[in-house]
Each structure stands twice: as structure tokens, then as C-alpha cells.
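The following note sets out points for a colleague who is reading the model alongside its sequence. Each point takes up one part of the fold.

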Amino acid sequence: MTEAAGSGGALVCVDFGSTFTKASLVDLAEGRIVAAASHPTTIGTDVLDGFAACRDELARQDPRAADAAVLACSSAGGGLRVAVLGNEELVTAEAGRRVALSSGGKVVAVHALSSPRVPDNGLEAVLGHTAPDVVLLTGGTDGGNAESLVAGARALVDAGWTGPVVVAGSVDAHDEVAEVLADLPHVIAPNVVPRIGVLAPDGARAAIREIFLAHVIGGKHLSASDDFRRMVRGATPDVVLAGVELLAYGLDEEHPGAGDVAVVDVGGATTDVHSVVALDPEDAGLSREVVAVTPVTRTVEGDLGMRWSALSTVEAAGLTELAAVASRLREQPGHLPADDAEADVDEQIARAAVGLALRRHAGRARVVVSPEGRVVERTGKDLREIDLLVGSGGVLRNGRPGVTARVLADSLGEDVEGGWQLPRSPRVVVDVEYALCAIGLLAQDHPDAAHRLAQRLATAE
């Protein structure tokens, strides 16, 4: 495969994060990160100010960074905030929630028009309170109930929504919905639930990415320069998930991937789990879950984290003895462990966050009695046979020797109690170089370099 080279065959990959801007210089020929830098994200002035400091540091390490081309992703300014509007809670609204997560969005609201718990003015209140960047509108199967999607479009207009909309419902209603939303920026995407038992996220995922680039990046006024909009390729979680896909699938038979992969990223506010797993056809439909599981999945646990969510993490894990220190950490999100005792607490919180997040993502298997006899009922994503588990987050990158094994101690092995579908014996690596972000950014235009970087991650010691 041929690739367009950056300066001297190098390219800068940058993530404009909510707290820190992280940049790396990738040698395209070697598929190797040769320089790295970070700087607090300069939300108060212009996000390119922090990037300039990163670039200066990269250039100090390798002069090619001074004029290398740049690819970027962003979660600055709150990232991509998505509200999901569906007809009812169990299928279309839930399908929309999963698709929004896989698209790199932070789901700030899920609203079902038919829910008896929602007052007549509920949508207007929800949109005003949660301030989404985009609304994902779902409803109806193809050839089924088209009116629910039209009703959703009318409800958005009646609620006074003026922002962008991604429409991903019944194909039979597309023309009428386009008329209803004619005065709003909108993209019509394929139905996320084209028929009962099928979840099809790819079209809506691409449309949300389009909306993010066209309306959200500029709308957040993060930079006065058009350079920022030109360099950004997508929302950071969406780019990372693209990196996980390449890591798992590879490019082709001559450039294979690592097989089934899961990534757990424990941060200050959330713990994200990404997985790419070949599905058993018998587990892919609505017989096990109301909305089908997909091979590529992302979940975000907003109550599990190391700092802003430390208190809710220890409460969810039943670690009442850590409540006081977790409250202090929530008030001091920049605090780093000063001694072994504080490092022990950090590892306990990380162990709880990772264990809970993986269990929520994976679900469990149990034997139930059905009309067909005793059958195994599964919920969530079966991770038992994954080949590779990647750990990410500062606590794993910068922790003491052996931290990864201690944090994952409750989440791996054959003897995990409770029927949880957790990894049995995967290879475990830590994304020390923050390579998954760079892999995702490189995947489209520089696939060979992305694949070589992915191989380095998969085989890291």
C-alpha cells in the first residue's frame, strides 16, 4: 500500500482532550511513535495554544515535527454530546443509545416519546437541561411503523430544537421527516433497527461523525483558526474505537489483526470499555437481549472513575472505608499519589472501576428454564475468549511495577464468580504510548503505518 508521507516521513497525531492535549510524532515508515508531548488543554484562550507548546516539545525531540502534517481528534469543550430520541425505551431508544456510544458521543439524554413516565413537556425540558450538540432520532423498522419517526421529528420542532439532527429510523418515513426538519441541519442515515433483532450502527455512526465535523467542532468556538477544523478527523472516542477495530481486524490476510480485542480505559470521570468480538450467531438477536449485540461495541460508565467519579466508584463497589478519601479526590482531581499508601488507594479504586465496567459491558450467562427446556441466557458482550486485553489510563501507564496485574485481579480467569462473561486468559498489554488514538487517526490515510503501530501495541511486553 502506498501512503502520503508527512515531513521526512513523519506525521503528528494529536488528541485535544478535555483536560490535556496529547501529541505524538509517528514515523510512517517504521510505524513507530518517536516523540511524545502533552500540555493542559487551553480552553480559556485557544486550543491551538496548547498544541503549539506540544509541537515545540515534539520538535525538540525530533526536528521533523516542526513542519509535519497533523491529524487530530477532540473531546475538548465537553466532546460530542448526544441526545437520543426514540419512540419507546426498550428497542429504538436503546438502539440509539448504543449507536451514539459507538460513535464517540457522550449520551446526555435518552428520551422515549411513548414512555408513560414522560410528561407532555418532557422533551423541551430534557433538551434545555442537557444541552446536547446533536440529536439522534430513531423509530420504526423498515416496512413497519413509519409514523413514530415522523412524530419524533415533529416533537423536536415543537420543542424548539434548532440544532443538528441525525435521522436513523424507518426508511419509509425519510421523505416526510426531511420535510418536517427542512429548517434544521440534518442528515438522513440508514435505520439503526431495520428489522426486529438487528442493530445496524454503521450508517448512523458515519452520519454522527459528519455532524460532529460540520457543526460541533466550529460551534464550540475552541479556536479562532480554521487550522483546528481542518486537522480534526473526529471525536476522540470514535477515533479510538477505529483504532481498536484495526487492532482486532488488521488490514487483510497479509496484514492480520490481533483477533478478538477488548480495551478498558479508566479515567478521572469515566471508565470506557471498547470491544471487537466475533459473535456467535445464536447470541446476536433479540432472544438474549431486547436490542441485538454488535461485534464492535463501546460502553461508557459515567459513575466510575479515579477522581471526579471516585466517590460513586467506591460506593458502587461497596468500599465504604474509602468514602472519605474518595470525596477528597473528587475535590482534587489533579492529585497524584505522594506515597505507597496513596498509591494503594488509587489501585483499589481502579480495581473497582475496571471490574464493574467490564462486568457491565460483558454481562453474564445463566441457565434458565424456557418452553424449549433448560437454555443458557446471556446478556451483554461475551468476552470470555478474547485474545487481547488492552489497559489504558494514567493509573496503569504511570503506576508502580505490577499495577496492571493487581488492578485486573478480579476481572480475569476461569474462576470468576457470578457467571460473568469476563476474559479467561487473554494476552494483557498497557497502551503506554497512547497508541490507539494514533492508530485510529492513521487508519484511513496511512493504513500501513497504523497496522505496524497496532502490531507493536499487540506484542508489547
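Is H14 largely enclosed by the rest of the structure or largely open, and how many of its residues are buried?

1. Basis of the note. This is a predicted model, in which local features need pLDDT of at least 70 and side-chain atom pairs count only at pLDDT 80 or more, whereas totals for chains, interfaces and linings use all residues. Residues are numbered from 1 along each chain as its sequence is written, and side-chain values use heavy atoms, with hydrogens and water left out.

2. Burial of H14. Eight of the eight residues of H14 are buried, so the helix is largely enclosed by the rest of the structure. Buried here means under 20% relative accessible area, exposed means over 50%, and partly exposed lies in between (1.4 Å probe, protein chains only). The buried residues of H14 are Ala435, Leu436, Cys437, Ala438, Ile439, Gly440, Leu441 and Leu442. Helices (H or I, at least four residues) and strands (E, at least two) are DSSP runs, numbered from the N terminus.

3. Packing of H14 on H15. Helix H14 (residues 435–442) packs against helix H15 (residues 447–458) at an angle of about 160°, and their axes are 8 Å apart. H14 is therefore roughly antiparallel to H15. Axes are lines fitted to C-alpha atoms, for helices over the stretch in contact, and angles run from 0 to 180 degrees between N-to-C directions. Angles under 35 degrees count as roughly parallel, over 145 as roughly antiparallel, 65 to 115 as roughly perpendicular and the rest as oblique. The crossing of H14 and H15 is left-handed, a term used if the near helix is turned anticlockwise from the far one by less than a right angle, with right-handed used if clockwise.

4. Residues between H14 and H15. From H14, Ala435, Leu436, Ala438, Ile439 and Leu442 meet Pro447, Ala450, Leu453, Ala454 and Leu457 of H15. By class, the residues of this contact of H14 with H15 are ten nonpolar, no polar and no charged. Contact means heavy atoms within 4.5 Å; Ala, Val, Leu, Ile, Met, Phe, Trp, Tyr, Cys and Pro count as nonpolar, Asp, Glu, Lys and Arg as charged, and the others, Gly among them, as polar.

5. Packing of H9 on H11. At what angle do H9 and H11 pack? The angle between H9 and helix H11 (residues 340–362) is about 70°, with axes 9 Å apart, and the two are therefore roughly perpendicular to each other. Their crossing is left-handed. Ala310, Thr313, Val314, Ala316 and Ala317 in H9 meet Ile349, Ala352, Ala353, Leu356 and Arg360 in H11. The contact of H9 with H11 has eight nonpolar residues, one polar and one charged.

6. Arg307. The loop between strand S15 (296–301) and helix H9 (310–317) holds Arg307. Arg307 counts as buried because its relative accessibility is 6%. Apart from neighbours within four places in sequence, its contacts include Gly268, Arg330, His335 and Asp346.

7. Positive phi values. Most residues other than glycine have a negative phi. His221, although not a glycine, has a positive phi of about 55°. His221 is found in the loop between helix H6 (202–219) and helix H7 (226–231), and at 68% relative accessibility His221 counts as exposed. Tyr434, also not a glycine, has a positive phi of about 55°, and Tyr434 lies in the loop between S19 and H14.

8. Asp410. The loop between helix H13 (403–407) and strand S19 (427–430) contains Asp410, which counts as partly exposed at 36% relative accessibility. Leaving aside neighbours within four places in sequence, Asp410 is in contact with Arg351, Arg359, Val416 and Leu422.

9. The chain as a whole. The chain has 15 helices and 19 strands. Buried residues make up 52% of the 461 residues. Of the contacts with a separation of 6 or more, 67% are between residues 24 or more positions apart.
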